[in-house]
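Colleague: Thanks for sitting down with me over this model. Could we go through the contacts between the chains and the charged pairs together?

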There are 2 protein chains.
Amino acid sequence: MKIKTVLIGLCLAVGLVFGSSAMAAENANEPLMIQEQGSFMAGGTVIPAKEAYNPLAPTPESQTLHGDHAYIFYQIPVNAKKYPMAFLHGAGQFSRTWETTPDGREGFQNIFLRKGYGVYLIDQPRRGNAGRSTVSETIEAKPDEQFWFGQFRLGIYPNYYEGTQFAVGEENLDQFFRQITPNTGPFDAEVISDAMAAMFDRIGAGIFVTHSQGGGIGWKTATKTKNLKAIVSYEPGSGFLFPKGEVPAPIKNSTAFGDFKAFEIPLEDFMAFTKIPIVIYYGDNIPTEPTTEPHKDYWRCAMQMANKWAETVNKHGGDVTVVYLPNIGIHGNTHFPFSDKNNRQIADLLAQWLKEKGLD
Amino acid sequence: MKIKTVLIGLCLAVGLVFGSSAMAAENANEPLMIQEQGSFMAGGTVIPAKEAYNPLAPTPESQTLHGDHAYIFYQIPVNAKKYPMAFLHGAGQFSRTWETTPDGREGFQNIFLRKGYGVYLIDQPRRGNAGRSTVSETIEAKPDEQFWFGQFRLGIYPNYYEGTQFAVGEENLDQFFRQITPNTGPFDAEVISDAMAAMFDRIGAGIFVTHSQGGGIGWKTATKTKNLKAIVSYEPGSGFLFPKGEVPAPIKNSTAFGDFKAFEIPLEDFMAFTKIPIVIYYGDNIPTEPTTEPHKDYWRCAMQMANKWAETVNKHGGDVTVVYLPNIGIHGNTHFPFSDKNNRQIADLLAQWLKEKGLD
């Protein structure tokens, strides 16, 4: 036993001497060394019992329901960096967004573990493993995948955009479609951001990485906890928050989603955005001029609003950067850059930004 | 780079020389060394499109829906044993069953990784992260937790059974209740066992560990794949399968679930149960005589049927063992022995059985 302990100590020491990359190697063939992993539910509420419980005649009125929490699976690598990263999916998706890519490569979960970050993968309240809702819901099995193929900018079904970074293939598309999972209760940004704040209250200071619809949750969460050290948002959609008097007019949008609106919050809440570095990334195939091409106009509006928002936050002393990937020479990305074929390049770009902001 | 590689090689060699326990140490404070981890969706079906897709006017009829798959998260430790273990939850539960316990200790996921087994955690079709269903469903937010407190044999709410192995505490019970997550489509044992067979077709030969309602899925799965090396079933409920002419009469049951039935399958399917070792464990507080005490009669019937089933399979040449834990001196377990306070003892018991069967 003593020899075993000494040798494990030696292995750990090797990791310390040669840096975290020696143990949590960036090469997918090398083992991940995990100091701790587990899961927990954060936030949520309780429907209380209204009368005494009789075990021989149980009624809903005499019982409770715990719901509206988030579910989180976390892994902390050996020699972890100071701030962990918490990852929130977008609309119709769950933690899988950040796990294995549709074509079976490593996603951001493993990639950032290998870079030495603690990784928290979230299922938001009323989605995936956080399915227990305090509000009833009907889920319709309504075929809609060709729409999402377009909205997620793989192309216009069945054609992919030229030079797409999506790993084209029948099996891959099958896995990608199966990443979809329904809301088990009404989508409620307050409920979700409350749970996110509760999560950060529990885990302490960290970096919040959001995707798509999760972007709006990220902004709200920043107004509810002081534990965000940075926000990284991939392709945020609607939900940009501006202070009174500075809310831009809706942007005219030709898609079924209607005009792209901005939302008002008190200036004191808005100032939270000026206290931390924020970076926003958009993939490819987003036009700068209005278009009636399917789907593209929604993302034109989103990116335009993101730029207005960055300008407004920065005017108040903030540090927001919006990156349209083609502008820095990275082409072909879909709405899911972190699981596209070039996701290691996308991860390195983020790692470099975190380093610049002193967060690694 | 070369020195780093050599030293990693040395660390791996240390692991090889001193056995897998040196690297995937059984002590919760020591790191887990994971050779590979990821997620995938297995099985499922597709609602096909009935007409051509027009991206400017998407209709349900012109689109597809991929659903009814299982979602699986897997981890393979360094120097893994030959056969991995796949874990299926019970009714109203998801993969969390096997993860962190309600009081924050390590569950079977980490415990068996530390013992050197590959671990596959399943969300069954229409549950948790496998939420996409091809059949619509309404989820009612109906308070029912005091009922489950009893059905899961923690006690009769708000009182715990004397000497319970549940980690009593307000926070723990809160986390335990939040392990509940709804069906997102109708429960369908054929759909689920099809997905389980598809999973084993993908991962190869392994040990199937089931819980409660999952028990019935395990039996069905054994008739659909040749890749099961063993079945381990914790507290299986309804779903025991007998050959024609040997189906026992329903057992009279005083609870709301009604009389406890057995089901008939062809003898050639039944013979699958005789080809592999099977062990069934039940916790504490299950009476041998009929009772009108809430909940207990259901489990009396289940265990009685399990014993009849074991007898029948063994008569046909099988190797089924039913263990009522108090009979071997282990007292106080609930319906969730693998996350009770003594879950390491429960795991060691299983590990010993696997060893006896030549499966470690």
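Modeller: Gladly, and one definition comes first: a salt bridge is a side-chain nitrogen of Lys or Arg within 4 Å of a carboxyl oxygen of Asp or Glu. This is a predicted model, in which local features need pLDDT of at least 70, side-chain atom pairs count only at pLDDT 80 or more, and totals for chains, interfaces and linings use all residues. Residues are numbered from 1 along each chain as its sequence is written, chains are lettered from A and ligands numbered from 1 in the order in which they are written, and side-chain values use heavy atoms, with hydrogens and water left out.

Colleague: How many salt bridges does the rule find across the interface of chain B and chain A?

Modeller: Over all chains, a search of the whole structure gives 32 salt bridges. One that crosses between chains joins D144(A) to R132(B), and R132(A) forms another with E145(B), the closest N and O atoms being 3.7 Å apart. Across the interface of chain B and chain A, the rule finds 4.

Colleague: By what turn can chain B be laid on chain A?

Modeller: Superposition here is by least squares on the C-alpha atoms of residues with pLDDT of at least 70 in both copies. Chain B goes onto chain A with an RMSD of 0.0 Å and a shift of 0.0 Å along the axis, by a turn of 180 degrees. The two copies are therefore related as by a two-fold axis of rotation.

Colleague: How much area do chain B and chain A bury between them?

Modeller: Contact (heavy atoms within 4.5 Å) takes 88 residues from chain B and 88 residues from chain A. Buried area is the accessible area (1.4 Å probe) that two parts lose on being put together, summed over both. Carbon and sulfur atoms carry 55% of it, and the total is about 7200 Å².

Colleague: Which element gives the largest share of the side of chain B that touches chain A?

Modeller: Helices (H or I, at least four residues) and strands (E, at least two) are DSSP runs, numbered from the N terminus. Several elements of chain B each supply at least two residues of that side, including α1 (2-17), β1 (32-47) and β2 (65-77). The largest share, 14 residues, comes from β1(B).

Colleague: At what relative accessibility does E293(A) count as partly exposed?

Modeller: E293(A) forms a salt bridge with K296(A), the closest N and O atoms being 3.4 Å apart. K296(A) is buried, with a relative accessible area of 12%. E293(A) counts as partly exposed, and its value is 36%.

Conventions
Buried < 20%, exposed > 50% of the residue type's maximum accessible area, 1.4 Å probe, protein only.
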